[in-house]
Amino acid sequence: MRRKSKKTGRILFLLGVIVTALLVFFGNKAVVATSTDDYCASCHIHPHSTDSWKLSTHVDNKRGIRVRCVDCHLPPHGEGYLVEKAKTGARDVWAKWFRDPESFNWEAKSQIEHAKGHTFEASCIHCHQNNYPLGLTKEGRDAHLYYERQAGELHCINCHITVGHYDPDRLHAKNTDFGIIETASTDLYTEPGVMSGLNDFTEYIPGSAVSFEMIAIPGGSFQMGSPDDEPFRNKDEGPVKEVEVDPFFMAKIEVSWDEYLAFFKQTGAQGKSTDTYLNVDKAQVDAISGPTPPYGAPDQGWGKGKMPSMSMTHNAAEVYCQWLSEITGKSYRLPTEAEWEYAARGGSTGPYYFEGDPKRFVKQGVRNKLFGVDTAGINSYVTYMENSGARSLPPEAKIENPFGLLNMLGNVAEFCSDWYAEDAYAQYSDGVLKNPRGPAQGEEHVIRGGSYRDGADRVRSASRDYTRTDAWLKTDPQIPKSVWWYSDCFHVGFRVVCEYNETE
Amino acid sequence: MGSTNKSSRRRFLGNTAAIGAIGAIGASQLIKSCSTSPEASTGTVTEPTILPVAVDGKPLRAGVVGCGGRGSGAAIDFLNAGPDLSIVAIADVFQDRIDDIRGKLKEQKDVELPDANCFVGFDAYKRLLEVDLDIVILATPPFFRPEHFQACVEARKHVFMEKPVAVDPVGARAVMAASKQAEAAGLCVVTGTQRRHSWNYQNVLARINAGMMGDIVSTNVYWNQNKLWHREKQPDWTEMEFMIRDWVNWTWLSGDHIVEQHVHNIDVSNWFVGDHPVSAMGMGSRLRRPTGDCYDNFAVDFVYDKDIHMNSQCRQINDCANSVSEQIRGTKGYSDGEGTIWSPEGEVLYSWESPVDASGEKLQNSPYVQEHIDLVTAIREGKQIVEAEETAISVLTAIMGRESAYTGRKITWEEMMGSDMVLGPQGELAMGPVDIKAVIPIAGSAPE
């Protein structure tokens with residue numbers, strides 16, 4: 001018996017060795033077979049990514065090297081390759097069988113924030129082992145020095161997003177001629193618009209073919225902030241203050257690319273500004289100085305025209321207003337936070353300027369997760385997370401608020417002139433506030449209205465937010481960083497107000 | 001170690017069986033990824049190599065850019081470093097400097113240079129780089145260094161260059177990047193940080209690193225000396241010629257004396273601490289300097305991570321207390337860097353003694369020559385050394401101190417790494433008037 005069991009043991013052991021060897025052998029075969037570009041393309045139902053890959057420098061380059069799907073979209077061998085392959089494989093299989101390919105928003109998935117999740121920096125570095133090849137330009141050397149000092153906060157694709165998938169709108173070379181549009185010189189306005197009493201008027205930008213609507217906002221009083229029981233209320237929205245504002249005009253839509261590029265074309269600096277971001281002296285910025293070419297693609301390739309402009313700095317938005325004032329002979333500026341909320345509410349006192357419960361519009365809670373979000377109330381008014389497709393939309397896609405303003409909530413968030421403080425309302429004195437202007441000083445500015453990226457909880461009339469200057473300039477490798485463009489902020493723009501002087 | 005490996009291997013096989021086919025996929029990769037990590041060593045001294053002469057090997061040909069006192073000195077030091085070394089080309093902006101170095105080379109080393117390999121002008125370095133040579137010695141005033149160094153790296157030449165390597169943050173960063181390019185291109189670069197090539201400093205540091213005086217808690221560094229040289233403007237000199245001949249007195253050419261001279265001691269502190277300071281708060285002024293726009297005294301408090309302070313002083317004024325030295329203090333003792341380590345009570349824990357040769361004579365270590373011995377040996381043995389980045393970091397440290405003194409502000413390393421400050425005239429250089437604002441900075445504001 002003992003002998004027999006020993007023999008059985010040996011046979012079992014041998015069998016085990018053979019099975020293991022076969023598994024290892026065929027396992028490796030399977031890894032190789034499921035890592036070819038054709039295999040990837042056989043399931044991945046987004047043919048444009050294959051097309052853009054074929055046009056990219058990772059396929060079409062002087063050295064004749066072809067970089068394959070798995071070279072970037074999986075980590076290097078020995079650094080978690082198999083684990084990640086199993087994970088993405090399982091995800092892909094699930095998506096292939098259980099999800100509707102039409103439901104994917106490929107454009108959103110190609111944005112840097114998402115792309116970082118499925119492009120492995122270790123894989124970039126695995127091939128690109130020398131950040132300082134001979135012949136690299138001075139700008140390139142400076143940019144790589146900067147990158148190396150950011151200790152993991154920047155991914156190679158923060159700058160090199162187009163190397164694997166060609167995107168003509170995001171090419172670095174595109175930036176130097178950013179916003180240069182051929183326009184017929186015959187239709188240029190020579191005179192600005194005329195303001196007559198507190199009535200809506202059309203503003204014409206002299207020297208351009210651009211006009212926009214200004215809505216008269218009658219003065220009045222309102223409750224600024226949100227009551228304690230408003231769903232999703234944040235602490236910085238209170239205490240509620242009684243506020244009075246004087247009449248003013250507010251632009252019907254967020255400043256469009258047409259409007260902003262008129263400024264860019266008339267004032268744009270050819271060379272770089274010598275003002276560094278941190279020590280720029282606002283008093284010395286005259287209305288003549290204008291933005292330098294941006295580092296990335298500020299419009300994200302979503303189109304310009306009437307689309308809301310974005311990614312300009314708060315400083316640039318203020319200089320835009322100075323410039324607009326000078327060429328139209330009026331007093332344009334950014335709205336105060338109080339003016340903004342007064343205009344947004346248009347007499348309404350609830351979370352939005354339309355009927356609806358924020359709790360029904362967000363993808364939170366068991367019911368909404370199971371049965372979907374009921375967006376019927378909000379859909380026609382606001383471009384927000386659940387209906388935007390992760391991008392801004394043309395202004396006229398939505399319905400006006402009670403004052404006749406479009407996109408006060410959602411689409412792009414909007415700069416205000418106030419410094420942000422979490423306790424700004426508590427800092428105010430008791431009683432009725434007349435035209436409050438926020439804290440005397442601060443580090444970041446107020447932004448309002450939420451954007452296409454926000455859920456319904458963040459696009460309420462009382463929601464407050466603020467600029468993140470350092471984070472929004474993280475990618476910009478220029479020294480000094482741009483005073484004009486954020487490199488990492490594509491959801492904030494602004495709206496102008498024009499002062500109304502009753503004696504005129 | 002062995003048992004650990006065995007158990008992890010057993011665990012691995014067990015897992016494979018349990019997971020089945022998927023687990024077996026790529027099993028060979030998993031086996032490959034097994035590795036051992038070496039035990040960290042503590043307390044042992046890594047003895048620095050004593051190399052009194054460069055190793056023999058392939059002949060090396062050098063060119064000299066900047067043929068003033070330091071350039072001709074460096075040329076002779078290079079020739080004295082070992083066998084089969086030659087100087088084959090020279091470049092300078094002044095003809096008399098060319099004549100001068102040719103005379104010295106002929107007289108001291110019997111080297112004769114053909115006219116065709118002697119270049120004059122601001123672009124002379126470009127023509128020198130077209131000569132067949134292996135090494136370039138850069139010894140011009142530091143203003144020119146970043147551009148010259150970049151050109152040498154692009155031309156794939158090994159480089160010996162004098163400190164400092166830049167006068168402004170843009171230049172310092174350019175050298176950092178070019179240093180990385182040199183590293184990637186397999187080039188060797190030695191900078192004129194003599195103390196790093198001194199056996200006494202190397203041996204003291206080896207013992208500090210082994211823990212002989214505990215962790216470093218502070219450093220003091222000094223370069224207080226008499227007035228340095230200056231030139232009076234001559235009637236037939238243009239402004240540019242005057243400034244370059246009087247260069248140590250002009251900030252755009254020298255970086256001021258905290259950068260030009262005191263960087264030696266600041267570099268020792270960075271080298272021993274193993275880091276660069278994160279901020280500087282300094283002061284300084286100009287009391288007795290006859291020409292130029294530089295200060296003649298600075299005192300700066302530099303702060304490293306963990307709140308380690310470097311107290312730095314430099315002065316170039318006659319008849320004051322002088323000291324060119326360092327003191328490094330640790331939790332269990334202190335050192336002068338140049339030879340001795342003491343206990344906190346003043347008992348000598350270590351004292352450097354130069355080794356002796358076969359006949360009992362003490363070996364001589366001239367750091368000026370040692371720099372070239374180390375460079376030539378590195379090239380010939382294929383053991384790359386690139387010192388430019390570390391030196392650029394020390395230079396930027398000194399610039400940070402200078403800017404703090406000039407402005408009266410506390411300046412951070414981050415500001416320096418993000419600064420667009422460029423000194424000197426912009427555009428093409430030529431003999432003639434110089435378009436710079438020669439204003440001596442005054443910190444702060446006057447009382448109302």
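How many residues of domain 1 of chain A are in contact with domain 2 of chain A, and how many residues of domain 2 take part? The legends below refer to a predicted model.

**View 1. The two domains of chain A.** Chain A is divided into domain 1, spanning 34–166, and domain 2, spanning 187–499. The centres of these domains, taken over C-alpha atoms, are separated by 34 Å. Where the domains meet, eleven residues of domain 1 are in contact with seven residues of domain 2.

**View 2. The side of domain 1 of chain A that touches domain 2 of chain A.** Two or more residues of this side come from each of helix H6 (106–109) and helix H9 (138–149) of chain A. H9(A) gives the most, with four residues. By residue class, this side of domain 1 divides into six nonpolar, two polar and three charged residues.

**View 3. The largest nonpolar core.** This core has 107 residues, and those with the most contacts inside it are B:Val64, B:Ile137, B:Phe149, B:Val175 and B:Val395. Helix H15 of chain B, residues 388–407, gives the most to this core, with nine residues. In soluble globular proteins, nonpolar side chains tend to be buried together.

**View 4. The surroundings of B:Val395.** Not counting residues up to four places away in sequence, B:Val395 touches B:Pro164, B:Val165 and B:Ala166, together with B:Ala172, B:Val259 and B:Val263. B:Val395 is also one of the residues with the most contacts inside the largest nonpolar core.

**View 5. A further nonpolar core.** Apart from the core of 107 residues lies another, of 76 residues. Among its members are A:Met250, A:Met310, A:Ala413 and A:Val496.

Definitions and conventions
Residues numbered from 1 in each chain as written. Chains lettered and ligands numbered in written order. Predicted model: local features only at pLDDT ≥ 70, side-chain atom pairs only at ≥ 80, totals over all residues. Domains from an automatic or database assignment. Contact = placed C-beta atoms within 7 Å. Nonpolar A, V, L, I, M, F, W, Y, C, P; charged D, E, K, R; others polar. Core = buried A, V, L, I, M, F, W, Y, C linked by C-beta atoms within 7 Å. Buried ≥ 20, exposed ≤ 12 C-beta atoms within 10 Å, placed from the backbone.
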